[in-house]
Amino acid sequence: MLELKNITKSYKTGNCKQIALKNIQLKFRRHEFVVILGPSGSGKTTLLNIMGGLDHFDAGDLIVENQSTKKFKAKDWDAYRNHYIGFIFQNYHLIPSISILNNVLMGLTLRGISAKKRKRMAKKMLEQVGLKDHIHKKPKELSGGQMQRVAIARALVCNPNIILADEPTGALDTKTSVQVMELIKKIAKDKLVIMVTHNKELAERYATRVIEMCDGTIVSDSNPVLEEEENFTKGKFKRTSMHFLTALHLSFHNLRTKKGRTFAISFASSIGIIGIALILSLSNGFNRQLKVFEQNTMAEMPIVIPNQIEESSIQRETSSELEEYPNIGYAIPKETPQEVNIQPNPINEEFLTTLKKIDSSIVSGISYAYDIGLNLINKIEGKVMPLDASILESFPDCLGYESFLNEKYDLLAGRMAKEKDELLLAIDSKNQVQEDTIRALGLQKEETISFETILGSTLKLVFNDSYYQKVGDFYRINPDLDSLYEDKETLTLKVVGIIRLKEEYKDYVDTAELYYTNALPSYVMQKNKDSAIVKEQQKNDYNVLTGETYDATSEEGQALKKQFLSFLGNESIPYMIQIYPKDFSAKEKIVEYLDYYNEGKAIDKQIVYKDEAKDLSTSSQNIMDAITMVLVAFSAISLFVSSIMIGIIMYISVLERTKEIGILRSLGARKKDIARVFNAEAFLIGFASGILGILIAKLLLIPINSIFYHLTELKNVAILNSLHASFLILVSIGLTLIGGMIPAKIASKKDPVEALRSE
Ligand code: ADP
Ligand code: MG
């Protein structure tokens, strides 16, 4: 079944060529106990390694089951070792980090046998070698004889056809040697056992055939195979493979035996992760703070469209041609800037309709301010009196404006105002209301006023034709306010809801106001635009209420007249529009929308808008960008350093575990499997350092946040979100895998014989 044909093997050391085997011709029977004797250096180990597929010969052929191995590929040799050969070494070669049970079942694992079955098989084998009570011990907890029995169990558990034993009793005392020999004889009675030994006495007692070697040749063979003896049959080998979980298990136990070091390594490589975690948390927190700040700013800084625009004269660009800080003896006259020129902003019906069609998802509110005079009266302490129109303010309205209200205000009582005759009372953060407002609503000034009392309180709005009476050339307010109060033409405005700014906005716009809806001014304008006083004002070149005169031919005079008319309700164009964006990106969209409206229009038809929050946002954005850049650079450096470090650590680990690599290879592990073991180790270290890094970062955030709190009064500035945390753990694993890749490759390339020889 096994035949060596003219096998030659030599080693090169420097310039010297050392011939280890010379033209070896040997045949073995399926079942025999062969002992190879010979002085040290005669080539016994080399012969065994070649027969076991651990080492490769220079010339000749090794015939297995009637098949030449000349065309064997690496994976065929691996399969051959795993399925065909059981190795027993002089110094046992057990993997020290795992239990003896796991040592024994490693070969079965490589063969892809299920966990349950291989455990059963390994246990049974350990029982047979008399180690039933020790299966969970580590190799170093056993005596030499016991370790050799583990090695025997490991060699036999895969049920190989050939057992190759290289001086298995070399390190044992005579008594133990005899026990081990008995064991090998008992278990291997139906196998081909080829054993190398120095002990001639043992050889003669157990062997069925003794071969003697000297200087790389066979000098005697007590029982050579005769030509007609063997009937060769063809066999097949299955290929081996190691599951990644097995690799993980191996690496996990290896790391566990070096807890302190593993912790130190994980800690060292987690420093990069800690740094990045902190950076992410901080930029996270700063972004959040910035966003809150931006939103608050936005509440105060809408996009403003006034009806008049200031146009400062275009500065002559002459100054750019002049040298800075000239060393000359004369001064240069500079043109005085022209006075500010006021231009009308072309707000017209077309623009107003366009504005109404704006996407409600980007706008949280639009307020239209009209110059219109509201003729308000109310019964105060039993007496009907006219009220100052400034008691009412317009409330930002957009497509039902609920979004604006919900976003910035809490509704404390009642409901939202919708109709023209409905009012909303906004109280400030301390629930205060202006005394004037209380009075105007006809309420008693008391220590506190219940929301119920306020809800349903009213005031009245009178239209021009009832409110004004013509006396001579002028108009005056109708003195019979009592009957106006009772008149059914008079519009009753009632408070239907009480609102208060949300806490996060209070620092910016915390004022108490009484608000009307946008439906009111349009209704009033519609009622008043054709009233007698408006017609009269249109005809005359003086203010029909006050008698103030103006020069109607001048532009200024026309503007004044327009203003009077607008006060009386003849103007349907607001004097100021304020657009409240949902957020910063929405603001950009609004600006785009306005620009789109302006596109292609003549310059004097283009709407001019003011975006006061813009400068602020761009500067804060720039600062954030700069900070982010610096932090990203830091992260990159720490990541780079940490992957190099992992590479070095993995390389050290490869050096340390060289022996284990040899053992695994002798059991039939493929190169790929060896790489897998180290990748698994890298994976575990990466995972550990990722977790450790996140934990340490979380701990560090506590003092960092408390320092920030003391400095800025901002709570929880730095927050590590779980998405970033999991991402960083993945990054850590990824980096260690990359860092470990080259060492893993080095490990997988190691020559198994060399690896086994290393200490
Ligand atoms: P034995 O096991 O009989 O003591 P070996 O098979 O180990 O002998 O060695 C046979 C010869 O080959 C010796 O001369 C030894 O020095 C040489 N040899 C074995 N392995 C190597 C090696 N890796 N490099 C160089 N020479 C080697
Ligand atoms: Mg030897």
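**Close-up 1. The largest cavity has a volume of about 80 Å³.** The lining has 15 residues, with Ile 85, Arg 154, Ala 155, Cys 158 and Leu 667 closest to the centre; a lining residue has an atom within 4 Å of a point. By class, 9 are nonpolar, 4 polar and 2 charged. This is a predicted model, where local features need pLDDT of at least 70 and side-chain atom pairs 80 or more, while totals for linings use all residues. Residues are numbered from 1 along each chain, and side-chain values use heavy atoms, leaving out hydrogens and water.

**Close-up 2. The largest pocket holds about 810 Å³ of space.** A pocket is an open set of points with protein on both sides within 12 Å along at least five of seven lines. Its lining counts 23 residues, and Asn 307, Gln 308, Pro 344, Ala 559 and Lys 562 lie nearest the centre. Helix α19 gives the most, with 8 residues.

**Close-up 3. Helix α18 (residues 532-539) has a buried side.** Its buried residues are Ile 533, Val 534, Glu 536 and Gln 537, buried being under 20% relative accessible area with a 1.4 Å probe, protein chains only.

Key:
Chains are lettered from A and ligands numbered from 1 in the order in which they are written. Buried means under 20% relative accessible area, exposed over 50%, partly exposed in between (1.4 Å probe, protein chains only). Helices (H or I, at least four residues) and strands (E, at least two) are DSSP runs, numbered from the N terminus. The arc is that of the directions from the helix axis to the C-beta atoms. On a 1 Å grid over the protein atoms alone, a cavity is a set of points where a 1.4 Å probe fits but cannot get out, and a pocket is an open set with protein on both sides within 12 Å along at least five of seven lines; lining residues have an atom within 4 Å of a point. Grid points are joined across faces, edges and corners, and a volume is the space filled by probe spheres set on the points. Ala, Val, Leu, Ile, Met, Phe, Trp, Tyr, Cys and Pro count as nonpolar, Asp, Glu, Lys and Arg as charged, and the others, Gly among them, as polar.
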